[in-house]
Amino acid sequence: MDGHLLSWVLFTPLIGMAVLLLIPAERKNLIRLWANIAALAGFLVSLPLVFRFDKDASGFQFVEKADWIPALGVKYMIGIDGISLLLVMLTTVIGCIAILSSWNAIQDRVKEYYAMFLLQQTGIIGVFVSLDFFLFFVFWEVVLVPMYFIIGVWGGPRKLYAAIKFFIYTLAGGALMLLGILTLYFEHFKQFGYYTFEISELMKLNLSPVMEQWVFWAFFIGFAIKVPMFPFHTWLPDAHVEAPTAGSVVLASVLLKMGTYGFIRFSLPLLPKASVNAAIVQVLVALSLIGIIYGALVSLMQQDWKKLVAYSSVSHLGFCTLGIFALNPNGLAGSVIQQINHGISTGMLFLVVGIAYERRHTRDFKEFGGLGHVMPVYAIVAAIAMLSSAGLPLLNGFIGEFTILQGAFEANRAWAAIAVTGIIFGAAYLLWMYQRTMLGQITNPKNLRLPDLSFRELATFLPLIAWAIWIGVYPQPHFAVLEKPVAQIVERVRPDYFQKPVQQAEAPRAAEVAR
Amino acid sequence: MTFLDSIWLIPLFPLFGAVVMLLLGRKFDPQGPSEVAVAAGVEGAPSVAHPGHHASSKAKAIVSVLCPGMVLLSFIFSVGAVLELMGTPGRVHQLIQFTWLAGLPFTTQTGALAQFAADWGFLLDPLSAVMILVVTGIGFLIHVYSIGYMGHEGGYYRFFGYLNLFVFFMLMLVLANNYVLMFVGWEGVGLCSYLLIGFYFHKKSAADAGKKAFIVNRIGDAGFILGMLLMFSVVGSVRFLDVNKALAQFAPEVGFGVLSAIALLLFIGATGKSAQFPLYVWLPDAMEGPTPVSALIHAATMVTAGVYMVARSNVLFRLTPETSAIVAVVGALTAILAASIAVAQNDIKRVLAYSTVSQLGFMFMALGVGAYWVAIFHLYTHAFFKALLFLGSGSVIHAMGGEQDMRRMGGLKDKIPITHATMLIGTLAIAGVPGLAGFFSKDEILWQVFSSPAGMKGVYVVGIVTAGLTAFYMWRLMALTFYGQSRVEPHVAAHVHESPRVMTVPLMVLAAGSVLAGWIGVPKLWSFLPEGFRAFEHWLAPVLIAETAHGAEHHADAALEWGLMLLSVVVAGCGMLLAWFLYQKRAPKTEPLAALGGLHKLLLNKWYVDEIYDFLFVNGMVKGGGNALSRFDQKVVDGGVNGAGWLTRFTSTISMWWDTWIVDGLVRLTGFSVKIASYPVRMLQTGSVQSYALVFVLGIAAVFGYYLVR
């Protein structure tokens, strides 16, 4: 197992799925139990990555490399750096939680449901660990299929519309991305005389600025749809509203991060000239800023609880892309931290909505109000989720937003000034959401006898709350693993960045700490 | 040095109390239906009996000991630390525990790379010493008072949990050694304020007020964040001591430069938290919260955070005369605006709320003219008398069974004598009667505004008018509440009673403070008193007094200073006399100010500022914009997507038609023409042997015939 740790992380859910398929479909509880075990195993297997990860090493770790389709130069090559480490851990944690949260919610086609979920886990992890562009693309497309079925089969009333919209939209983006990949692939052959999809090889390419820009836009479409950036975001509210709770959780917490990850892992290092092109940066930053404010304002107007959370994602992800295209260490690191934060806080918010939905089968704000009286524990958990999303210091959101703002401010002060309004609106729609659901009087008799959180439901929140507090109070370990990879990317796009004089750190710190 | 090295514990005690309450509190306070508030008309609601009486007294006792006890512990540790600080050279003690938020390398304004780092660290110096003593000392008294005040309310443990959490964040705010950690406390107290304003969360108005407070504060916070970022990129640090060291290299700014921008952004943050114009609107609404909360958070401590922050940044503000002038003008504007509104309010707590806004305005006037120690002095005296007045009003409300409208009070003096006596002291103190705390601090502010190099005569005039208004509305409050004929409704009057000891003792302690607290900051003019009476200024001197600037600077003639002092006493006296005349002597049935007509209406309706904000920002920009955008999202953006889908289907329909009729049509046309062409031939091919035989015979006959005929 030692040399293939990452492969084990990648394929444990798939093995779980294979075993699950052997269980007879009528034994629903056994299937549920097994799916939970498999997801938990997926997390436990990924845990050694954290302990064995060397934050001081540059480049990729746990690398595995084998030929896959030699005729095309396709390799099975995987490995992680600090960025992918955090995202992989987020995926395995969220996977456990999402599967645990589905216990009662899913009653028919249980076997197929969990099989799809486990398949999806492997797909997402694959996206985050692939170091071969072909392999990456395969996993990218693999992820589409289970999510399509999860929305389309176990979704709400308009599930088919939402599922098809999600599928076609993402697929169209993927197709353009494939064009970009193939351009690089053939260009590599032209320049070096052999075919390969390996990322580190493709980074050696010397492309003309114009070609870089074309490829950049091709990638952009693929990634921007996934993020989603304004104006490619309208599949998101539909998909979220129709998806079952666990689907929404995974969709928001991890699936969207595939887009931001794509920008960081591929667009920036492979196309450094295009990435620093002033026009391109301005367009991307403008779309991010629009996303931040637009998403927040549209959130304020939603009557559907889940749609509000969905639009809040557009706003939060705007922060993430803003951080990326600030093109400096704080922007990038803040972006990755914020991706994790969004996974934690929005994951919790979707769980919160899901619990209300399971009890009442509606998400209309008008139906709720005063839940804090009958479900006090639930109200506390929801408050933590809301505050973490609103960026309250000592919880996770603040760390990410502040670091991104710092990066944006360094790049252009006006960007930070515009983005900072996002946190005002963020507080507005989140408090409004909380007030409409948890506070006030109970106006609907159906809400009078709602049971508070069960132990299982509480268990889905606890790991996320713990993580939120960890990042809020002591974020250093997260920044530590990001420092090297972020510096590498910044150096790749802006070779002169670290050539500046270093300002001396002030005040002897160690002595004071020792006291 | 034991206490000094354990200053990190000071905030942690109340945090412990808060965590215990919020995690285990329900065990101490088994709530029955008391917390279930149900809108009228909802069927199947559990019967709501007397809320709170179900909680066992033993469980309550645990809460009542633990939470105030934690604050008392903090107070003891604070006193110990401050005493030790006195013996420390330089009177500065910084304790850094670990690096809390360290970002990655950052390009500063000069183009150098710097590593952003914010410690989890604490700074105890004379300024924060004053603050922690005020927060823990007055905080403890208010906790004790709350045992009585909240005794009959539901959610007892929840209340104390929030209150302890507040004290934790407030102590973080004043003890932090850098701006970012200060911001943690800053946002945290905002959260607790939100939770406590909305404590009666079944009331929509309470929840609305909490939300308004949080969001308005967030507007200020946005300024604070940008200010911190700009500061870091200019100065290269966010640690107070290092910032001050770095700022020593800058010359005072001429015109509005980058330092002025930093100062202005920080000040925007302060206007949010300290309820200054234009962001003061949340504070009066915050009175929806329980009265001890109004006393602790919305009078004595949290709202002074902005004053503390500006004083903490005094080195920066000294370098930026432009921004300092803005601070003074905004303070003056806020002071008179709020005082004018307070004159016409009928809700006892609202009068005090506007009074707080007005007094905070005084503090900012002092900050703006560079009299930082005076601002902190006023903060400190104000904490005593305003906490006293709020707790006193709480005692009145308690006695009146929840009534807050002064029009239904009157003549309460003999029924609640202790409350009356202590509130009278508070009123005299805030009005500026010589010898009481408010006199010393307010008069010093007015004198500094008048005389200091950065002073402004216009601001002074506003200040003295405001002082007169203050005396007027405070005596009006006293007259309407305690004197004259009782207007109390009969069924309420029967139950009016003095509050229990647990509430009156804190009132008496605070009253003593309101009398004595000022005697450590007597004017220099009173040279007959030894320097010990001016200890406050000397204590703060290392932090707040620049070596070259104030101190011995203004030797304006003593006669002028005596004259101005007399003037402010006379103005205060006139204000009170006028109120006495209008409300006590004449004791009218209707509001005498109504004679002012339109102006009174304007004041009663708070200059319609809330309505204007609602119209412009809430409904106009945010809701209007949100509505427009969500429709845009549905129709245009998503319309585009759906349109693309429709277009695809449309083209595929056309393609199908084309395919069926043109492409396939061509194929079929070919087939058809062959079919047509072959028709005659096919006619022959009937498959019947007889006809073949016939044709065969006929053919042969024809051939033969041809040859025969030829």
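In this predicted model, the crossing of helices α14(B) and α19(B) is left-handed. Helix α14 of chain B covers residues 321-344 and helix α19 of chain B covers residues 457-482; their axes come within 9 Å and cross at roughly 25°. Angles under 35 degrees count as roughly parallel, and α14(B) and α19(B) are therefore roughly parallel to each other. From α14(B), the contact draws on Ala328(B), Val329(B), Ala332(B), Ala335(B), Ile336(B), Ala339(B), Ser340(B), Ala342(B) and Val343(B). From α19(B), the contributing residues include Val459(B), Val462(B), Gly463(B), Leu469(B), Phe472(B) and Tyr473(B). By class, the residues of this contact comprise 14 nonpolar, 4 polar and no charged.

Helix α6(A), residues 159-192, and helix α9(A), residues 235-242, have axes that come within 9 Å and cross at roughly 135°. That angle makes α6(A) oblique to α9(A), and the crossing is left-handed. On the α6(A) side the contact is made by Lys159(A), Tyr161(A), Ala162(A), Lys165(A), Phe166(A) and Tyr169(A). On the α9(A) side it is made by Trp235(A), Asp238(A), Ala239(A) and Glu242(A). The residues of this contact divide into 6 nonpolar, no polar and 4 charged.

The two pairs are set out below.

| Helix pair | Axes come within | Crossing angle |
|---|---|---|
| α14(B) and α19(B) | 9 Å | roughly 25° |
| α6(A) and α9(A) | 9 Å | roughly 135° |

Also in chain A, helix α10(A), residues 245-255, is mostly covered, with 11 of its 11 residues buried. Among these buried residues are Thr245(A), Gly247(A), Ser248(A), Val250(A), Leu251(A) and Leu255(A).

Chain B as a whole contains 26 helices and 2 strands. Its radius of gyration is 38 Å, well over the 27 Å that the globule rule gives for 710 residues, so chain B is more spread out than a compact globule. Along the principal axes, the C-alpha atoms of chain B fill a box of roughly 170 × 70 × 55 Å. Of the 710 residues of chain B, 53% count as buried. Among contacts in chain B with a separation of 6 or more, 81% join residues 24 or more positions apart.

The two chains touch each other: 61 residues of chain B are in contact with 59 residues of chain A. On the chain B side, the elements giving two or more residues are β1 (93-107), β2 (113-124), α6 (179-197), α7 (204-235) and α25 (609-684). The most is given by α7(B), with 12 residues. By class, the side of chain B that touches chain A has 33 nonpolar, 18 polar and 10 charged residues.

Leaving aside residues up to four places away in sequence, Phe183(B) touches Pro393(A), Phe224(B) and Met228(B). Asn346(B) is 163 residues from Phe183(B) along the chain, and the C-alpha atoms of Phe183(B) and Asn346(B) are separated by 36 Å.

Notes:
Residues are numbered from 1 along each chain as its sequence is written. Chains are lettered from A and ligands numbered from 1 in the order in which they are written. This is a predicted model: local features need pLDDT of at least 70, side-chain atom pairs count only at pLDDT 80 or more; totals for chains, interfaces and linings use all residues. Axes are lines fitted to C-alpha atoms, for helices over the stretch in contact, and angles run from 0 to 180 degrees between N-to-C directions. Helices (H or I, at least four residues) and strands (E, at least two) are DSSP runs, numbered from the N terminus. Angles under 35 degrees count as roughly parallel, over 145 as roughly antiparallel, 65 to 115 as roughly perpendicular and the rest as oblique. A crossing is left-handed if the near helix is turned anticlockwise from the far one by less than a right angle, and right-handed if clockwise. Two residues are in contact if their C-beta atoms, placed from the backbone, lie within 7 Å. Ala, Val, Leu, Ile, Met, Phe, Trp, Tyr, Cys and Pro count as nonpolar, Asp, Glu, Lys and Arg as charged, and the others, Gly among them, as polar. The radius of gyration is taken over C-alpha atoms; the globule rule is 2.2 Å times the number of residues to the power 0.38. A residue is buried if 20 or more other C-beta atoms lie within 10 Å of its own, exposed if 12 or fewer, and partly exposed in between; C-beta atoms are placed from the backbone.
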